[in-house]
Every structure is written in structure tokens, then in C-alpha cells.
Amino acid sequence: MACTRLHEDIPQSKWPIVYSSDYNIGFLGLEKLHPFDSGKWGKVFRYLKESGLLKDDDVVTPVEATEEDLLMVHSSGYLNSLKWSMVVAGITEVPPVALLPNFIVQRKLLKPLRLQTGGTVMAGKLATERGWALNIGGGFHHCSAERGGGFCAYADITLSIKFLFERMEGISKAMIVDLDAHQGNGHERDFINDSRVYIMDVYNRYIYPHDSYAKGAIRRKVELQAYTEDDRYLSLVRKNLEKALEEFNPDIIVYNAGTDVLEGDPLGALSISPEGIVQRDQLVFELARGKGRPRQIPILMVTSGGYQKRTAQIIADSIKNLIAKGLISHQAAAVETEI
């Protein structure tokens with residue numbers, strides 16, 4: 001088994017929340033050419049600190065995924081292609097990146113994404129140990145083993161699951177619950193023939209990526225109409241997640257909690273209110289680990305897409321709500337997994 005730092009033991013004094021200020025992307029203003037708020041992750045953490053819930057030394061500092069780590073999923077050919085700035089410009093949808101020397105692209109753009117990718121892998125292990133974990137970042141669900149796209153250069157969800165399958169005893173089945181507004185075609189392509197992974201995907205049928213091949217991996221597919229609102233959306237999420245958990249008994253849930261479902265999002269084209277997003281996240285955690293559930297399923301949450309400045313506050317509010325409802329806490333939880 002290859003040596004890695006991504007599954008190192010974490011002190012119990014830390015919350016199972018992974019974050020680094022180095023997640024945030026900023027260079028020459030080029031990040032402003034994409035609608036994604038590349039400073040969103042730092043704002044989420046700042047809001048949580050301002051609320052008094054967290055201090056700097058409460059969270060887990062991520063380790064950057066190395067090339068050896070990434071080769072568990074990606075081919076060397078794909079990773080080598082990222083040494084061409086033109087390729088990265090296409091993946092990030094920021095054309096001027098093609099004109100930059102690649103060493104700048106690596107340091108200012110790809111390194112933060114590799115750090116977030118490492119954070120997702122680390123959070124996966126934490127979730128199995130503590131019952132839940134959050135990476136304030138990650139969720140690059142458009143990237144598969146052989147291709148990136150949609151601002152996703154590394155397949156962090158796939159990598160986290162494969163690390164768990166290989167390195168964590170008792171973790172042999174995973175469920176991906178993808179509630180970003182866009183189809184999660186990256187992890188779907190990676191697991192299309194893998195019966196150990198059950199994918200539930202709820203997305204706007206009319207927007208990117210329209211990946212028909214990848215849809216073959218979805219075990220529970222919910223294609224939404226544009227501008228779907230709270231009541232219909234939450235009803236569909238609840239009904240389908242309940243059915244998914246009846247059909248499949250996972251050892252871990254990877255929850256891709258995109259906030260691009262928010263009303264007014266320029267790319268998501270749905271109409272979910274801030275309160276609706278908070279209720280959605282609570283619903284997922286309640287079905288995974290709420291009191292009275294037949295089994296407490298470890299859950300890893302990543303923040304994924306969200307293209308409005310106010311999404312950071314909504315994510316922070318959702319985390320505060322999960323704490324207030326007793327669905328997550330600092331206390332380490334013993335997790336029983338079926339072997």
C-alpha cells in the first residue's frame with residue numbers, strides 16, 4: 001500500500017472540519033472572470049469564527065494531495081496534461097489562464113485545488129471515525145479519472161471513496177448524494193461499473209453538463225425543472241433519499257452540498273431559498289444519522305458549487321443549524337460499521 005499523509009491520525013481535540021486559508025484562489029484578478037466565488041471557502045470559515053463556534057486551531061489543516069495520491073484515480077497522462085496552461089484554461093473556463101506560464105498556474109490555481117482534494121480525502125477518514133466530517137471546500141464533481149471540466153481539475157470525491165475502500169476496514173459500500181444543481185458526471189463516469197457505489201443525483205435537467213453516458217451510473221436520478229422551488233424540491237429530496245436508503249445500505253455517505261440551487265444563481269437556474277438550503281442539509285443529516293434512525297451512517301459533506309456572494313453565509317448558517325439540531329457536534333462518536 002502506497003505511503004500517504006492523507007490518512008494520518010488527527011487529534012481528538014480537533015473538530016472533524018477541514019479547512020485552510022490556502023483553499024482560496026486569487027491571482028491577477030483572473031479569478032473574477034469566472035462566476036465562481038473563489039474566496040467562498042474563507043468567508044464560510046470567517047462567518048463560523050465570528051459566530052464563536054470555531055477558532056483557528058479547532059479545525060484540521062489539510063495536506064495537499066501528491067501526484068502519487070492522485071494516481072490512485074487519475075492517469076499520468078491526465079496529470080501531465082495539467083502542465084499545459086491551455087488545458088487548465090479549458091477546465092477552469094477562464095481563457096486568459098492559457099497565456100500564463102504553467103508554474104504560476106500550478107502555484108496559484110492548481111495547488112489550492114490539490115489542497116482541497118487532500119482535504120476531502122482526510123475528511124472521509126474523519127467521517128468514519130467521528131460519524132461526520134466537513135471539508136469547507138471540495139466537491140469537484142465534474143472531474144473524472146481522465147478529464148476535468150466545470151472548474152473541477154481533480155476528482156476528489158472519487159479519490160476519497162477509493163482511499164476508504166483501500167485503507168479503512170469495514171468500508172466497502174458508499175453512497176454519493178449529489179444535490180448540486182448540476183449533474184455530477186465526474187464521479188458518475190468513475191463509478192459507472194462499480195456496484196459498491198450507489199449514486200443519487202438531483203439536478204436541473206436543462207443545464208451543463210448534459211452527460212448522457214454518465215447518467216448510466218445514477219441509481220436514483222431526479223431531473224428537476226428549471227426554477228423548481230422549496231416545497232417541491234425538499235419533497236423530492238426526502239422521498240428519493242428515503243428510497244435510496246431502503247435500496248442500499250452504505251458504510252458512508254458522501255454528500256455533495258452545492259449551493260448553486262439558490263434562487264438567482266446564474267448557472268443553477270433553480271429557485272431554492274436560503275432557508276430551503278438549510279432545511280435540505282438538515283434533512284440529509286437527519287436521514288443519515290438522526291435519532292431514531294435504524295443505523296447511524298457516517299457522512300462526509302463537501303461544499304461544491306455556488307455562484308453568488310451570499311452562499312458563504314448560507315453554508316455557515318447551515319452548519320450552525322446542524323450543530324443546534326444536535327446532528328453534528330465536537331464530541332467524537334464511535335462508529336459501528338458492518339464488516
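**View A. Helices α4 and α5 in contact.** In this predicted model, the axes of helix α4 (residues 85-92) and helix α5 (residues 102-130) approach within 10 Å and cross at roughly 30 degrees. From α4, the residues S85, V88 and T92 make the contact, and from α5 they are N102, V105, L109 and L110. By class, four nonpolar and three polar residues take part, with no charged residues.

**View B. Helices α1 and α10 in contact.** Helix α1 (residues 40-50) and helix α10 (residues 311-324) have axes that come within 8 Å and cross at roughly 45 degrees. The two helices are therefore oblique to each other. Their crossing is right-handed. K40, K43, V44, Y47 and L48 of α1 meet T311, A312, Q313, I315, A316, I319 and K320 of α10. This contact comprises seven nonpolar, two polar and three charged residues.

**View C. The open sheet of seven strands.** The strands follow the order β1-β2-β7-β6-β3-β4-β5, and their pairing is parallel. Strands β1 (17-18) and β5 (220-224) stand at the edges with a single partner strand each, so one side of each has no neighbour in the sheet. Helix α8 (residues 230-247) packs on the sheet, where it touches β3 (174-178), β4 (197-204), β5 and β6 (252-256). The direction of α8 makes about 170 degrees with that of β5.

**View D. Pairing of strands β2 and β7.** Strand β2 (residues 132-135) runs parallel to strand β7 (residues 299-302), and four bridges join them. N135 has V302 as its bridge partner in β7.

Terms used: Residues are numbered from 1 along each chain as its sequence is written. This is a predicted model: local features need pLDDT of at least 70, side-chain atom pairs count only at pLDDT 80 or more; totals for chains, interfaces and linings use all residues. Side-chain values use heavy atoms; hydrogens and water are left out. Axes are lines fitted to C-alpha atoms, for helices over the stretch in contact, and angles run from 0 to 180 degrees between N-to-C directions. Contact means heavy atoms within 4.5 Å. Ala, Val, Leu, Ile, Met, Phe, Trp, Tyr, Cys and Pro count as nonpolar, Asp, Glu, Lys and Arg as charged, and the others, Gly among them, as polar. Angles under 35 degrees count as roughly parallel, over 145 as roughly antiparallel, 65 to 115 as roughly perpendicular and the rest as oblique. A crossing is left-handed if the near helix is turned anticlockwise from the far one by less than a right angle, and right-handed if clockwise. Two strands pair if DSSP finds at least two bridges between them.
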